[in-house]
2 protein chains.
Amino acid sequence: MKKKRIIVIGGSAAGPKAASRARRLDENAEIIIIQKAPDLSMASCGYPYYVGGFFDDRNQLLASQSGIVRDSIYFWNTKRIKALVNTEVTKIDRQNKSVDYKNLLTGERGSLPYDKLVIATGATPFKPPVPGIDLKGVTTLQSMADADFLRNISDEGEVKQAVVIGGGLIGIETCEALVLSDIEVTLVELMPQLLPFLDKDMSLNVEKYLKTKANVILENGVSEFIGENGKLKAVKLQDGTTIPCEIAVVATGVRPNTALAKEAGLKIGEYRAIEVNSYMQTSDPDIYAIGDCIEVPHLISGKKVYAPLGDLANLQGRVAGDNVIKGNVAQFPGTIQSGICKVFDYGVGAAGLSEQNAARHGFDNIETVVNASPDKPGFMGAKLLITKLIVDKTTNRILGAQVLGPGDVSKQVTTWAMAIQAKMTVMDMLNLDLPYAPPYSLAIDHSIATAHIMQNKLNGLFNGISAEQLREKLDNHTPLLLLDVRNQDEFEMINLGLGEKHIPLEQLRDRMEELPEDKNAEIIAWCKISLRGYEAARALMANGYKNVKVLEGGINAWPW
Amino acid sequence: MKKKRIIVIGGSAAGPKAASRARRLDENAEIIIIQKAPDLSMASCGYPYYVGGFFDDRNQLLASQSGIVRDSIYFWNTKRIKALVNTEVTKIDRQNKSVDYKNLLTGERGSLPYDKLVIATGATPFKPPVPGIDLKGVTTLQSMADADFLRNISDEGEVKQAVVIGGGLIGIETCEALVLSDIEVTLVELMPQLLPFLDKDMSLNVEKYLKTKANVILENGVSEFIGENGKLKAVKLQDGTTIPCEIAVVATGVRPNTALAKEAGLKIGEYRAIEVNSYMQTSDPDIYAIGDCIEVPHLISGKKVYAPLGDLANLQGRVAGDNVIKGNVAQFPGTIQSGICKVFDYGVGAAGLSEQNAARHGFDNIETVVNASPDKPGFMGAKLLITKLIVDKTTNRILGAQVLGPGDVSKQVTTWAMAIQAKMTVMDMLNLDLPYAPPYSLAIDHSIATAHIMQNKLNGLFNGISAEQLREKLDNHTPLLLLDVRNQDEFEMINLGLGEKHIPLEQLRDRMEELPEDKNAEIIAWCKISLRGYEAARALMANGYKNVKVLEGGINAWPW
């Protein structure tokens with residue numbers, strides 16, 4: 001029997017996974033990876049941590065779990081996979097089922113036939129077309145070469161000022177890495193908020209925290225990189241501001257690498273990435289595509305999205321590996337765009353749809369709630385978690401959750417990611433049996449408590465108002481009675497200073513006469529996390545007040 | 001309208017939750033908690049951490065999140081709940097819908113009518129009926145008084161030796177607390193393993209680790225507490241061993257407090273706890289019962305189980321609070337017996353059924369797999385996780401998972417708890433979209449990788465053997481070729497010393513002639529985590545070997 005030949009274009013994450021899986025399913029297939037870069041299986045999500053000095057051995061970015069650098073020799077010896085590095089595929093010939101390639105070092109060209117082809121060409125950072133973009137000192141953080149360049153700067157310690165362009169995941173991770181390298185960083189973002197996977201109100205809390213570490217400029221873009229003798233000296237912004245700096249890192253998103261696929265006539269999707277079915281098969285049944293060059297369905301709405309994430313690339317690689325060997329036996333169902341980002345001592349993550357996104361995906365009857373409360377008991381070193389939950393009011397289905405803070409964000413976002421993929425409703429979350437012990441969580445876990453508050457809101461027990469909504473009312477000079485019900489010590493230590501009345505909850509029922517006679521007066525109550533605010537509201541409502549709201553997340557989630 | 005009167009018997013976890021929820025639903029109801037102990041709302045799961053010195057302020061065990069001790073005054077002022085402490089309910093009179101009570105300090109007696117009654121009488125530690133059980137120095141760790149007693153011992157620093165009787169959750173937490181108090185601890189367990197919610201093979205890994213911190217004696221019980229002048233001097237075991245010690249902590253499980261309910265003629269279930277329906281209603285429709293005194297359905301099998309866990313008590317309290325006010329509107333669906341335990345630097349947890357338990361719950365066609373691999377990349381400070389997954393082969397449904405190790409166990413067990421409650425199958429886990437970034441997980445999360453291995457096993461790609469099964473084969477002198485495929489450095493650093501042959505994976509395909517000619521020879525392959533072991537097995541199988549197994553979890557999960 002003729003050996004099957006599998007060619008994989010791309011050797012970063014998805015490609016090697018597909019090749020390795022294929023090998024485990026078929027010891028006899030001929031499997032070839034063609035990789036443009038000099039390295040293979042780079043842990044590219046780890047670049048910011050290498051730059052930031054979390055570890056020093058560059059090889060750890062390239063090594064297997066047992067510490068062996070995954071170079072061409074490794075792939076051949078342990079997996080019998082031939083990996084051609086520094087080699088670019090220049091053309092896919094679908095008619096003859098072959099690829100043309102060129103060695104970028106030697107210029108040598110060749111052609112290889114395939115039985116099945118896997119395209120894992122990844123993505124390229126977008127660079128804004130402004131003057132000076134090619135100056136020395138202007139970089140991205142997407143390749144080993146970029147990581148080496150920035151780590152070297154960190155080690156040398158001579159650069160004092162940097163600008164990071166872009167307030168998404170990579171921008172913020174890069175910002176942290178440079179700050180940890182003792183560089184003064186200014187982060188510039190074109191949009192009015194950081195981290196576009198968050199809703200604005202949640203992003204404000206990240207902004208407040210990040211500003212304790214770096215300069216943050218929003219709603220402003222780069223108009224020019226200013227140089228001297230070919231070296232970057234400053235970044236000029238669209239509003240004319242000039243920020244002196246020796247390096248600038250551009251992190252304004254990535255674009256799928258689709259040139260080869262387009263030229264071969266493969267179908268391209270609405271996000272300008274390669275279109276695939278659930279088997280990861282392109283419009284040519286012998287060609288599969290995976291990783292950052294494709295678009296995939298969103299699991300909640302079914303609509304296609306572009307989700308260039310390392311974990312999905314690996315899963316897609318395994319699916320493609322199955323299918324090129326076994327025929328279409330495995331399916332990748334899609335994404336809920338789960339993500340998480342370390343922001344110094346905060347975790348910031350999300351799963352599913354944001355409030356902004358829900359509308360775009362066709363959900364127009366939603367409810368949201370914010371819960372800002374600890375991850376475990378105070379006596380075990382509680383840390384704050386702020387969660388925003390988004391549900392479809394029509395079905396009570398959980399559509400999305402955003403979580404941030406110094407607490408155990410990773411577990412919370414994972415919990416919501418599971419709930420969303422299992423199509424759970426708020427009701428399904430109310431009585432979950434999750435593992436509990438004081439070192440790990442509260443008796444009622446933060447995620448369950450969030451569902452409880454949402455249920456209270458859906459049932460009309462809890463009439464919430466978000467920090468942003470309250471701010472708007474204040475800006476509009478809406479007549480309000482603001483009511484802080486914390487105790488005396490807490491109030492003296494910190495208060496919002498909005499002209500609020502202070503009546504501790506334990507005195508409230510005896511001091512009702514101090515409240516407006518008009519039972520229709522709008523009252524906004526809060527405490528630290530707004531459990532007592534909620535209890536106060538219940539007491540006020542029972543006393544006839546008809547327009548009582550609770551500030552969601554209380555003092556904890558107030559982002560200003 | 002006459003005010004509704006709710007009486008709650010018990011003021012620890014479930015009771016105050018029910019009372020507080022009821023208040024938030026009805027400002028006008030009269031709500032009374034009758035509590036035998038002097039304290040209210042004690043964080044009893046925190047006692048071991050107070051004893052172990054994780055914090056010093058005793059009030060933190062009694063305080064709300066804002067730091068106020070939840071005494072009778074607190075309950076009245078903030079919630080208008082009357083809490084009678086040091087007060088024991090002596091009788092429930094169902095006919096007249098009233099309870100008789102007695103103040104334990106003053107001897108004063110009284111009677112109170114109720115509209116709805118909530119029984120939250122909790123549980124009492126079981127004390128083995130052996131001589132000397134009442135000696136000074138023999139204690140449990142279940143009440144504030146117990147916690148005070150042991151913390152005082154820790155602070156004084158005079159006790160040098162202690163025995164902990166019982167190797168369950170509380171026994172192990174107490175063991176840690178005492179070791180951290182610089183006391184030499186011997187832990188004695190009657191069963192042949194620690195932590196009965198784990199399968200034996202998993203418990204062996206805990207045992208191996210715990211033995212680095214304390215003495216561990218299994219399959220042995222106490223026959224006598226030996227005293228001198230009324231004070232404990234030693235513990236005598238059933239095999240005659242005598243262990244000198246100044247204190248002994250009995251942690252051999254708890255028994256539901258059902259005397260009041262029984263006397264009132266309420267129905268008692270098969271586990272000798274109070275029987276309730278999903279509304280938490282007893283056989284008397286005006287009486288609800290919650291917390292450690294009831295039994296609840298297991299969500300996988302529907303069979304009743306006794307699950308005295310603090311998180312469930314709180315959830316049940318909320319459900320009862322809803323139902324006593326609103327009529328039966330809320331339901332507590334049941335438990336999957338999720339649990340987690342800190343064992344020094346290890347987390348140890350489980351959700352769903354163990355392999356042992358699966359049979360008892362009616363599942364006789366199961367598959368298991370062990371995955372021992374890191375929680376995140378090596379460059380971010382990877383820590384080991386060992387997971388055992390149990391699935392129903394008939395439906396591929398996930399029945400249970402056990403996770404232990406220094407890695408992020410809490411997130412893993414939570415992930416499995418969600419999967420089990422969502423009735424997910426192995427297939428549903430294969431391509432989960434979970435939040436990924438290097439500080440938090442591997443690109444393919446440990447839980448997903450575990451599902452991948454299970455799929456490989458179910459599909460016959462991966463023929464696994466557990467450490468226990470291999471040990472049995474070795475004990476039976478079964479002819480085996482043992483094959484370690486790690487690299488030279490790894491092998492020299494540590495190896496199992498079972499007479500294994502060492503051929504690094506990268507040399508295996510070129511050294512096939514060193515292997516037995518007989519293609520039916522039984523070969524057991526492994527590496528550190530058994531990914532390379534798996535790759536080796538695939539290569540051997542492709543070369544005609546018909547009886548190749550992979551040691552599950554590799555060196556990482558070898559418990560001896």
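User: Which residue stands opposite B:Ala351 in β26(B)?

Analyst: Strands of a sheet pair through backbone hydrogen bonds, either parallel or antiparallel. In this predicted model, B:Ala351 faces B:Ala401 of β26(B). The strands concerned are β23 (residues 346–352) and β26 (residues 398–405) of chain B, which run antiparallel and are joined by six bridges.

User: Which helices lie on these strands?

Analyst: Helix α10 (residues 409–421) of chain B lies across β22, β23, β25 (384–392) and β26 of chain B, and runs at about 0° to β23(B). Helix α12 (residues 446–458) of chain B also packs on the sheet, where it touches β24 and β25 of chain B. The direction of α12(B) makes about 140° with that of β24(B).

User: In what order do the strands of the sheet come?

Analyst: The order is β22-β23-β26-β25-β24 in chain B, five strands in an open sheet with antiparallel pairing. At the edges are β22 (339–343) and β24 (366–374) of chain B, each of which pairs on one side only. On average, neighbouring strands of this sheet are turned by 10° against each other, direction ignored.

User: Is strand β10 of chain B largely enclosed or open?

Analyst: A residue is called buried if 20 or more other C-beta atoms lie within 10 Å of its own. Strand β10 (residues 161–165) of chain B has four of its five residues buried, so this strand is largely enclosed by the rest of the structure.

User: Which strands pair with β10(B), and in what sense?

Analyst: Strand β11 (residues 184–188) of chain B pairs with β10(B) in the parallel sense over five bridges. In that pairing B:Gln161 has B:Glu184 as its bridge partner. The chain goes from β10(B) through helix α5 (residues 169–180) of chain B to β11(B), a β-α-β crossover that is right-handed. Strand β16 (residues 247–250) of chain B is also parallel to β10(B), with four bridges; there B:Ile165 stands opposite B:Val250.

User: What does a positive phi look like in this chain, for instance at B:Asn86?

Analyst: B:Asn86 has a positive phi of about 50° although it is not a glycine. The residue sits in the loop between β3 (82–84) and β4 (87–93) of chain B, and B:Asn86 is partly exposed, with 14 other C-beta atoms within 10 Å. B:Lys97 is another residue other than glycine with a positive phi, near 50°. Its place is the loop between β4 and β5 (98–103) of chain B, and B:Lys97 counts as partly exposed, with 18 C-beta neighbours inside 10 Å.

User: Is A:Arg109 buried or exposed?

Analyst: A:Arg109 is exposed, because 12 other C-beta atoms lie within 10 Å and a residue with 12 or fewer counts as exposed. A:Arg109 belongs to strand β6 (residues 109–113) of chain A. Leaving out residues up to four places away in sequence, A:Arg109 touches A:Asp100, A:Tyr101 and A:Lys102.

User: How many residues does each chain bring to the contact between chain A and chain B?

Analyst: Chain A brings 76 residues and chain B brings 76 residues. On the side of chain A that touches chain B, α10(A) gives the most, with nine residues. By class, that side has 41 nonpolar, 20 polar and 15 charged residues.

Definitions and conventions
Residues numbered from 1 in each chain as written. Chains lettered and ligands numbered in written order. Predicted model: local features only at pLDDT ≥ 70, side-chain atom pairs only at ≥ 80, totals over all residues. Contact = placed C-beta atoms within 7 Å. Helix = DSSP H or I, 4+ residues; strand = E, 2+ residues; numbered from the N terminus. Nonpolar A, V, L, I, M, F, W, Y, C, P; charged D, E, K, R; others polar. Pairing = 2+ DSSP bridges. Axes fitted to C-alpha atoms, helices over the stretch in contact; angles between N-to-C directions. Right-handed = clockwise from strand over helix to strand, strands pointing away.
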